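Please examine the sequence and the model displayed below before reading the briefing.

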Amino acid sequence: MRTSVILALALPFAFATAATAAPTAIINATVHTVSGAKIPNGTVIFDNGVITAVGAGLSAPAGATVIDAKGGQVTPGLISSYSYVGILDIELERTTNETESENPLFSAAFDVAPGVNPKANMIAITRKRGVTQAIAAPDYGKTIFAGQGAMLTLGDGPQFAVVPKIGMFMNVSETGKRLAGGSRGAVWTFIRQVFEDVRYFERNRNDFDENKARATALTRLDLEALVPVLIGKMPLVVEAHRAADIQNVIKMAAEYKLKVILVGAREGWKVAGEIAKANIPVIIDPTNNLPARFDMLGSTLENAAKMHAAGVKLAFAVMGDQIAYNARSLSYYAGLAAANGMPWDAALAAITKNPAEIWGMGSKHGTLEAGKIADVVIWDGDPLEVTSEPSHVFIGGAAQNMITRQDLLRERYKNVGVPNQLGYR
Amino acid sequence: MRSTILAAVSAVALAVAGPASAQFAGSASGKRLADMPRDPFPSTYTPLPSVPTAIVGATVHTGTGATLNNATVVMSGGKIVSVTEGGAAPAGATVIDGKGKVVTPGLIDAHSHLGVYPEPSVDSLSDGNEATDPNTAEVWAEHSLWPQDPAFSRALAGGVTSMQILPGSANLIGGRSVVVKNVWSRSVQGMKFPGAKQGMKMACGENPRRVYGSKNRSPATRMGNFAGYRAAWLKALEYQYEWDQFEAKRQKGDPAAKPPKRDLELETMAGALRGDILVQMHCYRADEMMQVIDMSKEFGYRVSQFHHAVEAYKIRDVLAKEGICGAMWSDWWGFKMESFDGIMENIALMDAAGACAVVHSDSNVTNQRLNQDAAKVMAAGRRMGLTISDGQAIKWVTLNPAKSIAIDDKTGSLEPGKMADVVVWNGSPLSVYAHAEKVFIDGALTYDINDPSKQARGDFELGMNSKEDVR
């Protein structure tokens, strides 16, 4: 039985073993470059991991592996801007969870990167639906600073990569309120004190080394980790939902000259003009439309459309109840934004080009243009349609294994009720 | 009028209603005991006013699996009158142009916690789990249900017209569920689906053992779970036996026949033993469902439906043979150990095996898009080679859930005589771009995407999010 299972799944797997030695040409596809207009009947060519040409009527280079998309659609690899991919196996099993630190000695200094498991089951499951990069976000432990997230490239084997310390995660919403002492006043008092302490640390490093420093709100480890944030090098990724909280974040960004990325922003639409003016990008879950808390009373399915219309740069992520296991639903969530008033092209950009730019990798990822890394997905239909699925996913030009543990389970139970059919176990 | 109280615990009593025994005579409290209503919180649901309506020229998924093209749906008096290809609108009917539209029955969510876990999700409104004892068969979800939950109006915009509201899964036996129609009402009684049976929520696996194990009491293991169920069923069987004995004596006219003491917990379980209350059991793993099936035979009750049933695909032949429905997610998996083997083809495989396959939500987010969850499963099933029509996928969110909560004789499909619970979609409901444009409940236009006066909001949301808020 096992043999037939493997045969049944052999076709996409075969590409994974094809080396990147020869160039690859995807032909007969509708190509969504995201950098420009879509190209009907287009061709995407990549070689040595990099896109070499994108256009209509291109001929495949000699010796190229040619993949006929048969009228399918091609997009850049999708980028999830907030997830636990690679740092969590099972949400409710604490032993499988690498997302947070409960250590009282540090919070901002916490780094998710050493906890990343390149072989985590969820990576292949997420990648199978076109997600080629994901932010692994830290979760909150002892303070309003969760620590530093990482950008994961979800490739198999050599295509897997981790960029650590991609941003510092902070919460000024209800989680932050609880951790700071029970009120928003406490949150902002704490923030001001911490930022003051970071500057004090910068000026008096020797005092810390000689154990002569004054008391600080966070430990030395944390203050050191926050230095890149205060000098505007590391993005401060701030979760806020209530319009008034968002306005406080905008004020903070201006006062301390910080590079801020907003997360959540359920009521972002109410202050979209101010967010756009401050040039702050926003990561949202476009499906959040319930007044789940008193700081989320303005939740609406039109949040994405309204913020986009106001000129806010948006990126999407699966951030509700399904955050811990369905990062793979990213294309569907973008489709829901499109179904609720956001232009289709803008919705696709919110899972490709925009997150690439927001996370500082816009020169290499996020669009299909010559010179960019060949993260390419071929879909069997409209990439934002709920019934569509990738037929091929390329990361760094390499065709990815499309077989997940879930596929193996399905194949194992393809026939049931036959005596001894499962005896090979 | 002894019969009224007896009926609450014994179906037999209904058939043999006779003179009250002398037991309760002679005092006001005795009379009260004797006269207690068998349905103490009766439905007061009244359909909204409706006019005869015809949707003409639409693609119609009837809910039975069939699809009609260029079809006309006629409703009148709150009921479906006819569904015919090429049919004309009757004289006097309000005509809705169905060209380019798709019509389905109102969607039915067989697993919801709206109102018992409402928004805002503050502690004060968190009323879904009476997690104080592993057996709380005596509690009723309808007594927790807050009719003002803002999630009801979102569900309506997603085409959901009926749902089963269940207690949570902290307990082995969590209490009674209630079936409601998705209408605005001042009271729960005003939402209760007329004539629908209650369910009894039970739970397998991780949740009860975690909740009570963490309190250092039983159940702390899966074997503790089963010991707990079986001890409870044994008590229920003995309770039912006592009432049967009393009933037999009473039928013989024995004036000394003394009714057993009523017990609200055992009354629920006895109702489940008799089939008056449907057993709705939360269970993820195949091996646990198999053991539950044996247990149901041990005590002589029937499991109506396994909820979540993430591993139903492994035993779909058994579930088909036993006639047990599975209410399942399209793609939730991996959030707990017992959901680790979830696959997207689960529901499609159940359906292909001839079992009763139901797409459920258990969520106030995904219940807004049950149609798209059905679409996900349909697509996954087709990719593995199964033949699944669009109409069949719609059955997973209409007639099958109706069957799983025993309201399929009244709603769940577009067939003459059934409740006119109808959704008009802007295009295929199996698309990400789908919107319910009009939702009819018992023939009354209850939601209209283009008419703000037909977009009900509960009390809680009044005065929020004014235009002046926008900057």
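This is a predicted model: local features need pLDDT of at least 70, side-chain atom pairs count only at pLDDT 80 or more; totals for chains, interfaces and linings use all residues.

Residues are numbered from 1 along each chain as its sequence is written, and chains are lettered from A and ligands numbered from 1 in the order in which they are written.

**Overall form of the chains**

- Chain A has 14 helices and 16 strands; helices (H or I, at least four residues) and strands (E, at least two) are DSSP runs, numbered from the N terminus.
- The radius of gyration of chain A is 23 Å, close to the 22 Å given by the globule rule for 425 residues, so chain A is as compact as a globular protein of that length. This radius is taken over C-alpha atoms, and the globule rule is 2.2 Å times the number of residues to the power 0.38.
- Along the principal axes, the C-alpha atoms of chain A fill a box of roughly 65 × 50 × 45 Å.
- Of the 425 residues of chain A, 55% are buried. A residue is buried if 20 or more other C-beta atoms lie within 10 Å of its own, exposed if 12 or fewer, and partly exposed in between, with C-beta atoms placed from the backbone.
- In chain A, 68% of the contacts with a separation of 6 or more are between residues 24 or more positions apart. Two residues are in contact if their C-beta atoms, placed from the backbone, lie within 7 Å.
- Chain B has 13 helices and 17 strands, and its 23 Å radius of gyration agrees with the value near 23 Å for a compact globule of 471 residues.
- The C-alpha atoms of chain B fill a box of roughly 70 × 50 × 50 Å along the principal axes, and 55% of its 471 residues are buried.

**An eight-stranded sheet in chain A**

- Eight strands of chain A form an open sheet with mixed pairing, in the order β6-β7-β8-β9-β10-β11-β12-β13. Two strands pair if DSSP finds at least two bridges between them.
- At the edges stand β6 (78-83) and β13 (314-316) of chain A, each with a single partner strand, so one side of each has no neighbour in the sheet.
- Neighbouring strands of this sheet are turned by 30 degrees against each other on average, direction ignored. Axes are lines fitted to C-alpha atoms, for helices over the stretch in contact, and angles run from 0 to 180 degrees between N-to-C directions.
- Strand β12 (residues 282-284) of chain A runs parallel to β13(A) and is joined to it by three bridges; Ile283(A) stands opposite Ala315(A) in β13(A).
- Helix α11(A) packs on the sheet and touches β6, β7 (131-136) and β13 of chain A, its direction making about 135 degrees with that of β13(A).

**Helix α7 of chain A**

- The buried residues of α7 (residues 220-230) of chain A are Asp222(A), Leu223(A), Ala225(A), Leu226(A), Val229(A) and Leu230(A).
- Seen down the axis of α7(A), these residues fall within an arc of 165 degrees, so they line one face of the helix. The arc is that of the directions from the helix axis to the C-beta atoms.
- The buried residues of α7(A) pack against several elements of chain A, including β8 (145-154), β9 (160-171) and α5 (184-203).
- Gly232(A), with a positive phi near 75 degrees, follows α7(A).

**Strand β1 of chain B**

- Nine of the nine residues of β1(B) are buried, so this strand is largely enclosed by the rest of the structure.
- Seven bridges pair β1(B) with β2 (residues 67-76) of chain B in the antiparallel sense, and Thr53(B) stands opposite Met75(B).
- Four bridges pair β1(B) with β4 (residues 94-97) of chain B in the parallel sense, and Val56(B) stands opposite Asp97(B).
- In the hairpin of β1(B) and β2(B), with five residues between the strands, Gly63(B) takes a positive phi near 100 degrees.

**Contact between the chains**

- In chain A, 40 residues are in contact with 41 residues of chain B.
- The largest share of the side of chain A that touches chain B, four residues, comes from α11(A).
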